[in-house]
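The entries follow the order in which I checked things.

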Amino acid sequence: MKEDRHVINQKWEDHELAKYLAVCKDAAHAAGNVLKDFIGRIHVREKGRADLVTEADVAAQEKVKEVVSRAFPDHVFLGEEDTPCSDSERAREGVFRWIVDPLDGTTNYVHGVPFFGVSLALECGGELLVSAIYAPLLGEFFSAAKGHGAFLNENPLSVSRTREVQQSVIAVGFPPVIRYDAPGLLAFLNCLCECQAVRRTGSTALNMAYVAAGRFDACWNFSTKPWDMAAGALLVQEAGGTLTTITGDDFFIDQNTFLVAATPELHKDFRELIHSQQFIHWMEENGSRLR
């Protein structure tokens, strides 16, 4: 069965977006405060090999739901700590869906590394309307609204003007368990010697936010989820960046890859670097995993 990637383009009134953004910010702030409160008393378990979850993840997600449901009781949720249900698994026309990762960068959080945060976005009919990424220990709050720009602590953001790979600082994300033949690892090796520098923050949301802020010039991920990238995707788009799937197709939220770059020229060059012969061979054997 072919996936429905149709996006419903609707005209949103400024006052509607302002209302959604205000609630999005309140919910992200509240969840970030929950994460700070749990520091020093964290209990950790593994969802899977090297895939950690804490009580703080669950409590922060519940806080997001509490704040949002108070304002919009009819909206649905898709969260990392949920078991997806039929009304939240896919974008649908007329359904407002809050996509939340209550703690992106859990391993960093557990080990006392400050690169973690709350990632929250509102989507309807495939359109991302508002988003927020809050890194509480860094004191940085990123936000965006469709057609109204992206911001860091209320200061407007813009992507860098970098056009050449050799001048770029990039970030990459990997799944908790990496195989030797993983396409993300092959792409990383292809780009490692070509870029000015490569960084690993341990947070997909912050990677995308940093591209929006002009700190990084590109980032990508071959294996991610809607809650990892929804908020960052809107930030990048509103800051003027180029965003597609890893194969260069139009970006849509219910899939599991992305490629972000500051400029179209840079995006094109990274696509060519990523699409090595090893990658093409892997796609021929495993391409269905990217759909």
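Is F142 buried or exposed? I found F142 buried, with a relative accessible area of 0%, where buried means under 20% relative accessible area, exposed means over 50%, and partly exposed lies in between (1.4 Å probe, protein chains only).

Before going on, I note that this is a predicted model, in which local features need pLDDT of at least 70 and side-chain atom pairs count only at pLDDT 80 or more, while totals for chains, interfaces and linings use all residues. Residues are numbered from 1 along each chain as its sequence is written, and side-chain values use heavy atoms, with hydrogens and water left out.

**Entry: the chain as a whole**

I counted eight helices and 14 strands in the chain, taking helices (H or I, at least four residues) and strands (E, at least two) as DSSP runs numbered from the N terminus. Of its 291 residues, 55% count as buried. I then looked at contacts, meaning heavy atoms within 4.5 Å: among those between residues at least 6 apart in sequence, 65% join residues at least 24 apart. The chain exposes about 13,400 Å², of which carbon and sulfur atoms supply 48%, by the Shrake-Rupley method with a 1.4 Å probe, and for residues only the protein chains shown count as cover.

**Entry: the cores**

I next searched for nonpolar cores, each a set of buried Ala, Val, Leu, Ile, Met, Phe, Trp, Tyr and Cys residues joined through side-chain atoms within 4.5 Å. The largest has 39 residues, and I133, F142, M208, L235, F258 and V260 touch the most other members. Among the elements that give two or more residues to this core are β6 (127-135), β7 (140-145), α5 (204-212) and β14 (258-261), but α6 gives the most, with eight residues. Leaving out residues up to four places away in sequence, I listed the contacts of M208 as C219, M229, G232, A233, V236, L243, F258 and V260. Apart from this core lies another, of 36 residues, including V23, A28, Y109 and V118.

M208 sent me back to α5, where nine of its nine residues are buried; Y210 is one of them. Just after α5, G214 takes a positive phi of about 80°.

**Entry: the rings**

I found 10 aromatic pairs in the structure, counting rings of Phe, Tyr and Trp (its six-membered ring) with centres within 6.5 Å, and calling planes under 30 degrees apart stacked, over 60 edge-to-face and the rest tilted. How far apart are the ring centres of F142 and Y210? They are 6.3 Å apart with planes at 50°, so the pair is tilted. Because F142 lies in strand β7 and Y210 in helix α5, the pair ties together parts that are 68 residues apart in sequence. Y210, at 7% relative accessibility, counts as buried.

The charged end of R215 sits over the ring of Y210, 4.7 Å from its centre, the test being NZ of Lys or CZ of Arg within 6 Å of the ring centre and within 35 degrees of the ring normal. I also noted R41, whose charged end sits over the ring of F38, 4.3 Å from its centre. Elsewhere in my list, W12, Y20, F72, F96 and W98 form one aromatic cluster.

**Entry: the cysteines**

My search of the whole structure found zero disulfides, a disulfide being a pair of cysteine sulfur atoms within 2.5 Å. For C195, the nearest cysteine sulfur is that of C191, 5.3 Å away. C195 is buried, with a relative accessible area of 11%, and C124 counts as buried at 5%.
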